[in-house]
Amino acid sequence: MRTFTYSTLVTIGGRILFWLALTASAAGIIVLLRAPYVPVHFEVREGRLNIGSLERPDDPDLFLCAGIDTPLSVENFALEVDDFIRYPEFVGPRDEARWWERQQELYTLLSTHTQLTFHVSRGERSPIGIPINVTTRSPLVLLKDTGFIYLAMLVYLVAARIVSRRSTLFSDRLSGFLFTSIALYLACAAAVIERGLALPTTAQHLFMSGIYLGAAGLISLVHFSWIFPARIWLLEKWPWLPKILYTYMGVTCALYFSGFIGFAGTFPFLVFWTVVMLASLLYSCFHLEQPDIRHHVALSALGPTLLGILFIAVTILPGVFRTSPMDFGAFALFSTIMPMSLTFSTESFRMFRQRQAVEDAREHERTVIARELHDYIGNDLTSMRYLSDSAAIMVKQQPAEARRLIGEIGQMASSTISRLKDFIWAMDTREVSWSDTLDHIRTEAERMISLSNAELRFIAQIENSDASAPTRIRYHLQSICREAVSNAVKHSGARNIRLELIITRHRLLLSIADDGLGFTLGPEANRGHGLKNMRHRAQSLESELRIFTGPGDGTLIKLVVRLSDKKG
C-alpha cells in the first residue's frame, strides 16, 4: 500500500467521521432532551456510592450514601456502583452484557414512572425512602451539562476542516482524520456521560459504538508520529507497518461491535500504542539534526502527550477502579490543546519547508550561475592570454594585426566585466522584485544606447510589480537583453530600438525589435552577433529564442518564459 492510498483512506474516513460527529451531536441533543431524567448526581468515593438531589443540593435529607453495608435501591431495583460508571468498562463480554441488561431495567423504571423513590438502609435504622420526580431536561440545563463538551467537539471539527482543506501534506490529512475521530468520540460521549440513570438502550448502544469507533481512530496518532516531520527509519525498512495500525483498528471495532470482546478488552493495547507514539516522537526529537525541526516535533508532541496522560488518568482509570472521574466537560475543553498544537506545528513546519525549498532553489541557481560564470570567464581569460601573446609577437612585424588583437582583448575584457556585474547583481541575497529587475534592465540598455545615435523605447507591463523575481531568470534575462541591444547598436546600425517586457503570474514575454540592417539567418550568423550565447541562455530557462530578420528588414527577437514553476 503506497502513501497516496493511505492519503485516500484517511481523507474518505475523515469525511465520514465528520458527518457522523455532526449527526451524533444532533441525535444526542434530541435524545437527552426527550429522555426521562432524574435530577440527582452520583459520586463514588472509597467504594461508596453517594447520591444527592440536584433540585435541593443543600438539603441533607436528600443526600444518600450507600456502601457494602448500606444497600441502595430505587423502587425494588437494587443499585450497584457499576450502574453509574460512564462506560461499560469490562474486559469480558459477559460482564458487559449484564451491565446492559441493568441499564435496560433502569430505563424501564424511568420511562414507566413519574416519581422514583430511593431507599437506603443504614445499619439497624429503618430504611429511608426519598421520592424524586422523573422529569425531562430543559435546554438550559442541557447546555449547562453538555455545553463544554459540544464546544470542544466543534473546535475539533473546525480544526479538521482547516487542515483538510489545506491538504498540502499527508500529515495534514492525517491530522484531519484524527480530529474528526475525537470529535465523534466527544459527540457520543456527551450523551452517554450526561445520561443520568439511563438512556433508551438502542440509542445508548449506538452512542457507545460511536465512542469506540472514535477512540479507535486515535490509532492515526501513531501513524502521525511515524511520518512527522519526516518518515522514521522503521517505515523505510518496513513500509507496510501502517497496515498494522488500520488493520488493528478495523479488527478491534469488528470484535467489539459483534460482542466478542468487552469495551475495556483493548485497554492494554491502548497503553502499548501510546508508548509507541511517544517513543517515535522522542526518537524524532533526538535524531533530527536541525534544531528548528526538533522544535516542531516537540510542539506537536505536547498536545497528544498531555491529552493522553489526562485521558488515562481521569477517564479510564476511574472506570477501572470504580472511582468518580473528573468533570468531563472540563476535560473536553482542556483537550482542545491538541488540535491547536498539532495544527500550529504542522502549519509552521509547512512554512518552514516552503522557505527551505525556496532557499535551496536559490542556492542551486546561484551554484549554476557561478559555474557558468566560471566557464565564461575561464574561456575569456584563456582567449585573452593567447591573443595577448599573439599581439606581443606581431607588434613589430604586423602592427595593424596586433592593434586588432588588442581591440579584441578590450572587447573581451568589457564582456567579462559585464558578466561579473550581472553575477554580482544576480547574487544579491535580498528579495529583488520584478519592478527592480526591469528598472535595472532599462538603466543598462539606456547606458549602452547613450554611446550611439539610436533611440530606445522601453515598454513594461507587470501584473504584480512587488513579486519576487527568480535569481536565475534575472541573470539570464539581463544577459539576453544586453546581448540583443549590443548587437543592435554595434552591428545593425539601428536608429530605433524597442524593448518590451510583459510579466504575468505565469509567464514572461520579451520582445526586442530594431530597424537596423538585419542579417541572413544561418550557420554563419550563429557564429557571430552573440546569437549562440543568447540561445544557450534561453535553453537554460527552458525556453526557445525566436529570431525574425532578413537583410534590410531589421531584427525582432522574442522569448517566452514560463514562471509558474520557477522558484526563488
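**A walk through a predicted model**

Hi everyone, let's start with a pair of strands: S4 and S6 run antiparallel and are joined by three bridges. Strands pair here if DSSP finds at least two bridges between them. Leu 72 has Val 120 in S6 as its bridge partner. S6 is also joined to strand S7 (residues 128-133), again antiparallel, by six bridges, and Thr 117 stands opposite Pro 131 in S7. The names come from DSSP runs numbered from the N terminus, with helices being H or I of at least four residues and strands E of at least two.

A word on what we are looking at: this is a predicted model, where local features need pLDDT of at least 70 and side-chain atom pairs count only at pLDDT 80 or more, while totals for chains, interfaces and linings use all residues. Residues are numbered from 1 along each chain as its sequence is written, and side-chain values use heavy atoms, with hydrogens and water left out.

How confident is the predictor? The average pLDDT, a per-residue confidence from 0 to 100, is 78 for the protein, and 77% of the residues score at least 70. Over residues 59-63 the pLDDT is below 50, and this stretch has ten contacts in the model beyond near neighbours in sequence. Contact means heavy atoms within 4.5 Å. Where pLDDT is low, the predicted coordinates should not be read in detail.

Now to helix H2. Its buried residues (under 20% relative accessible area, with exposed over 50% and partly exposed in between, using a 1.4 Å probe and protein chains only) include Trp 99, Trp 100 and Leu 106. The buried residues of H2 pack against strands S4, S5 and S6, and against helices H5 and H8.

On to the open sheet of five strands, in the order S8-S9-S10-S12-S11, with mixed pairing. Strands S8 and S11 stand at the edges with a single partner strand each, so one side of each has no neighbour in the sheet. Inside this sheet, S9 and S10 pair in the antiparallel sense over seven bridges, and Ile 497 stands opposite Asp 514 in S10.

Last stop, Thr 266. Where does Thr 266 sit? Its place is in the loop between H8 and helix H9. Thr 266 counts as buried because its relative accessibility is 12%. Leaving aside neighbours within four places in sequence, Thr 266 is in contact with Tyr 212, Tyr 248, Thr 252 and Ile 261.

How values were computed. pLDDT = per-residue confidence, 0-100.
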